[in-house]
Amino acid sequence: MSKKYATVIGAGVSGLTTAVLLQEAYEVTILAKNFPGELRGEYASPWAGAHWRSDAKLEDARQQDFDRKTFIHFWDLGHNKSFETGIMIVDGFDYWDKHPPSDWKEPWFKDLCPGYRHLKKEELPKGVEFGTTYKTITISPPKYLIYLMKCFRINGGSTKRASLSHIKEAIFDNTDVVINCSGLGSKSLRGVQDQDVYSASGQTILVQLPVGHVNWTFGRYAAGRTDGGTHRKNEVLTYVVPRDNGEVVLGGTYGQHDYSITPDADIANDIIARCISTRPDLLPKGETKLKIIRHGVGLRPVRKNGIRIETEWTQSEQTGKKILICHNYGHGGYGWQSSYGASMHVIETLKRAYDKQFIAKI
Ligand SMILES: Cc1cc2nc3c(=O)[nH]c(=O)nc-3n(C[C@H](O)[C@H](O)[C@H](O)COP(=O)(O)OP(=O)(O)OC[C@H]3O[C@@H](n4cnc5c(N)ncnc54)[C@H](O)[C@@H]3O)c2cc1C
């Protein structure tokens, strides 16, 4: 059977992962405003930590499935292709300032992540009442995006820089399928204009430490942490995510509906203080200051009700041909840890849409 042609909009982790998976059955072209190697606030992927810590709720089987498949995929890469992908297997720690309420339930991934257990009192940082630990994964986004791009090129994929104003601009004479992985762009891209999409800004500091000095990651949930608010300061989550070259990302903030990409000096100082006070071993022996590489703010592409993976049929204005569109956007603060599972779901969703069309014809 001859290959079909697909256009993928977007070259973040969602677009590139989907594009590589599609290449088993399609000739693929990626159209995007931003590509790996670039740092723009609204291009979320390079700004992430990134670490795997699933936030999927106990009743959210779909999101758990995405996160589980991605964990298994990354676990394998972390063992077999760590140098090339920048994926590391590390000890993960979750800390809570206040002991969770008595009806608190263990996270769904307690049986997925090896070594999951509660921390003993003497293992808790100062000011922390409760904590868990388990093996997890960190990813170096710059390295992994380049790895995906390399896989894509080896498989014969092509790329074109373009800033689309309408999704139909991704349809060429030979196009069969368009996959929309435009992240925050889906809010304004005509033909999509999803008003459930909005930004949640995240301020971070990238610091340089000796390679291997930090081989753990943590997330600390502050007492009285809110789930709302429009200012970056309003939701306080402290985290540290190491990369394989000694770089470490310190975070963070979660400013819902905040589109500003200018780092705030007071917030940066607060983040650094929070990270060091939680884990004083962040600083190498004898050092009193961290070597800062860069301050930054990235915009998480949040979507109310979660990731949209859905197909719709349209018609090419040039040829009249029926074109299948599949969306894959709205990954919020969990686009890395769900990237592979969500992209697999895109492939399955496309197959189902074609099968349905075939059945409808007979
Ligand atoms: C500070 C921070 C920390 C994070 N930490 C984590 C973490 O630890 N773990 C985790 O899983 N996730 C984390 N995330 C979230 C994660 O980074 C995102 O969910 C993920 O990167 C989204 O990827 P994406 O490919 O969907 O979107 P993006 O990376 O934003 O890519 C969108 C692509 O679409 C293109 N595009 C948009 N509009 C158009 C248009 N009109 N025409 C052409 N191209 C267009 C863009 O140029 C870009 O190429 C974090 C995010 C931030 C900001």
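Trainee: How do you know that the span of helix H2 is close to the expected one?

Mentor: This is a predicted model, and the numbers come from its coordinates. Helix H2 runs over residues 61-80 and has 20 residues. From first C-alpha to last, H2 reaches 29 Å. At 1.5 Å a residue, 28 Å is expected. The span is therefore close to the expected value.

Trainee: Which residues of H2 are buried?

Mentor: They are Gln-63, Gln-64, Phe-66, Asp-67, Thr-70, Phe-71, Phe-74, Leu-77 and Gly-78. Buried means under 20% relative accessible area.

Trainee: Why is it said that the buried residues line one face of H2?

Mentor: Look down the helix axis. The buried residues of H2 fall within an arc of 155 degrees, so they line one face. An α-helix has 3.6 residues a turn, so residues three or four places apart point the same way.

Trainee: Which exposed residues does the face turned away from the buried side of H2 carry?

Mentor: Ala-61, His-79 and Asn-80. Exposed means over 50% relative accessible area.

Trainee: Why is Trp-52 called buried?

Mentor: Its relative accessibility is 0%. The cut-off is under 20%. Trp-52 therefore counts as buried. Trp-52 sits in the loop between strand S2 (26-32) and H2. Thr-70 is one of the buried residues of H2.

Trainee: Leu-58 is in that loop as well. What makes Leu-58 partly exposed?

Mentor: Its relative accessible area is 47%. Buried needs under 20% and exposed needs over 50%. Leu-58 falls in between, so the term is partly exposed. Leu-58 and Glu-106 are 48 residues apart in sequence, yet 9.0 Å apart in space, C-alpha to C-alpha.

Trainee: Which residues does a cis peptide bond with omega of about -5 degrees join?

Mentor: Gly-49 and Ala-50. Ala-50 lies in the loop between S2 and H2. Another cis peptide bond joins Gly-251 and Gly-252, with omega about -5 degrees. Gly-252 belongs to strand S11, residues 247-253. As a general point, most peptide bonds are trans.

Trainee: Why is Asn-305 called exposed?

Mentor: Its relative accessible area is 74%. The cut-off is over 50%. Asn-305 is therefore exposed. Asn-305 also has a positive phi, about 70 degrees, although it is not a glycine. Asn-305 is placed in the loop between S13 and strand S14 (308-315).

Trainee: Why does Asn-180 count as buried?

Mentor: Asn-180 has 0% relative accessibility. That is under 20%, so Asn-180 counts as buried. Asn-180 is in strand S7, residues 177-180.

Trainee: What makes the pair Asn-180 and His-327 a polar contact?

Mentor: The contact between their side chains is 3.1 Å. The limit is within 3.5 Å for N or O atoms. The pair therefore qualifies.

Trainee: Now the ligand. How many residues surround the ligand, and which are the closest?

Mentor: 38 residues surround the ligand. The closest are Ser-14, Asn-34, Ser-45, Gly-332 and Gln-337. The shell divides into 17 nonpolar, 18 polar and three charged residues. S13 gives the largest share, four residues. Helix H1 (13-22), strand S8 (197-208) and strand S13 (291-303) each supply at least two.

Trainee: Which N or O atom in a side chain is 2.5 Å from an oxygen atom of the ligand?

Mentor: One in the side chain of Ser-45. Backbone atoms take part as well. A ligand oxygen is 3.3 Å from a polar backbone atom of Val-13. A ligand nitrogen is 3.1 Å from a polar backbone atom of Gly-333. The protein covers 97% of the 1,000 Å² of accessible area that the ligand has on its own.

Key: Residues numbered from 1 in each chain as written. Predicted model: local features only at pLDDT ≥ 70, side-chain atom pairs only at ≥ 80, totals over all residues. Heavy atoms only, no water. Near = heavy atom within 4 Å. Polar contact = N/O pair within 3.5 Å; in protein donor to acceptor, adjacent residues only side chain to side chain. Areas by Shrake-Rupley, 256 points an atom, 1.4 Å probe, with all protein chains shown as cover. Nonpolar A, V, L, I, M, F, W, Y, C, P; charged D, E, K, R; others polar. Buried < 20%, exposed > 50% of the residue type's maximum accessible area, 1.4 Å probe, protein only. Arc of directions from axis to C-beta.
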